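Hello,

Here is the structure I promised to pass on to you. Have a look at it first, and my notes follow below.

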Amino acid sequence: LPTLFCWTLISSLFAQDQQFTQFYATPLTLNPALTGNFEGRYRVGTIYRDQWRQVLENPIRTFAVAADLRFDAPGKRVYDDAIGLGLMFFNDKVNVVDFSTTQIAVSMAYHKSLGADNRHFLSLGFQGGLTQRNVNYESLDFQDEFNGLDGYNEPTGEQLPENNFSYPDFNVGLNYLARFGRSGALFAGAALHHVLQPSVSFYEDGSEGEKLYMRVSGQLAANIPIGRSRTSFMPRVLFATQGPHMQVNAGANFRTAVGKYGSTAFHIGAWARPVRNDAAFGLDAVVALVGLEFNNVLFGLSYDLNLKALSARQRQGAFEISIAYLGEYENEEILCPKF
């Protein structure tokens, strides 16, 4: 590949963050205020995303694993204030140019009860981390490496910078939880990511245009019981904007509990994802999801179908699987949002 194409491709990868379709299955990448925001004492979860396997020899792979703890806040027990601590590891790899992003981050949140009945909580969370980006130059071919016959095996005269760099990152978020009835809940949150807007250039003298855009996101979700049945309606909306890019994920799940004690539940859901890139706006993908809760373990499986690729008769999409475990959890209804 010529140098211009190579760096144009890598620069486009800088333009926006990783994304997960099951955004509530990765709460520490979604909003720092969701750290420790669950029923239980600890939570461990992982998610894997595989994109464009049908059209790329080596698909784009994204992986995250996280753990967070919930502690009772010190003081009187009239209000059930809590503190959350979390640790998250993330890796995104684009095998086309052997480009990867790796991050490790720690987060903390305070969950303030807004009344003695402990049915309303306001949470404030902070997250700090270190991100590393790396590109393998051996996977790239430049024009001056062509031997004129059958391969790219000549030395290159390209002046290339160091192939990896690191930068600090900082995120902050708010979340509001309101419980109603026996098992209903409403969640509303907002987050700012990349508050420091760090430089993402491989060159030390990177320009202002090579800073990572701040990402602003808003989340809205609810658990709404349907009559006296064991089924709940769970709408989900995620809005995010980052530089010239904007994305909305909107849809809903249905959760149905089964068994004598309701310790097992099934999820089925669908939603749509419209996006804006620069001046263009349109429907990017539709998503289908199935999920299973078994005791304290949650499984999620989803598939994104890219509509533009479908119209071009290509089987281009993204597959995701998530697993989470809630420790020391005894409540029949899981009030934290998921998937």
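Let me start with Asp 304, which counts as buried because its relative accessibility is 2%, under the 20% cut-off. Its side chain meets that of Arg 273 in a salt bridge, with N and O 2.9 Å apart. This pair ties together distant parts of the chain: Asp 304 sits in strand 13 (residues 297-306) and Arg 273 in strand 11 (residues 264-277), 31 residues apart. Arg 273 is buried too, at 3% relative accessibility. Through shared partners, salt bridges join Arg 49, Arg 273, Asp 284, Asp 304 and Glu 320 into one network.

Please keep in mind that this is a predicted model. The protein chain has an average pLDDT of 84, and 82% of the residues score at least 70. Among its elements, strand 7 (residues 184-193) has the highest mean pLDDT, 96, while helix 1 (residues 3-14) has the lowest, 46. Over residues 1-9, pLDDT stays under 50.

Back to the salt bridges: the whole structure contains nine. One of them pairs Arg 49 with Glu 320, whose closest N and O atoms are 2.6 Å apart. Here Arg 49 belongs to strand 1 and Glu 320 to strand 14 (residues 317-327), 271 residues apart. Both of these residues are buried.

Another salt bridge joins Lys 112 and Asp 81 at 3.2 Å, N to O. Lys 112 is partly exposed, with a relative accessible area of 36%, whereas Asp 81 is buried at 8%.

Best wishes

Conventions
Residues are numbered from 1 along each chain as its sequence is written. This is a predicted model: local features need pLDDT of at least 70, side-chain atom pairs count only at pLDDT 80 or more; totals for chains, interfaces and linings use all residues. Side-chain values use heavy atoms; hydrogens and water are left out. pLDDT is the predictor's confidence in each residue, from 0 to 100. Helices (H or I, at least four residues) and strands (E, at least two) are DSSP runs, numbered from the N terminus. Contact means heavy atoms within 4.5 Å. A salt bridge is a side-chain nitrogen of Lys or Arg within 4 Å of a carboxyl oxygen of Asp or Glu. Buried means under 20% relative accessible area, exposed over 50%, partly exposed in between (1.4 Å probe, protein chains only).
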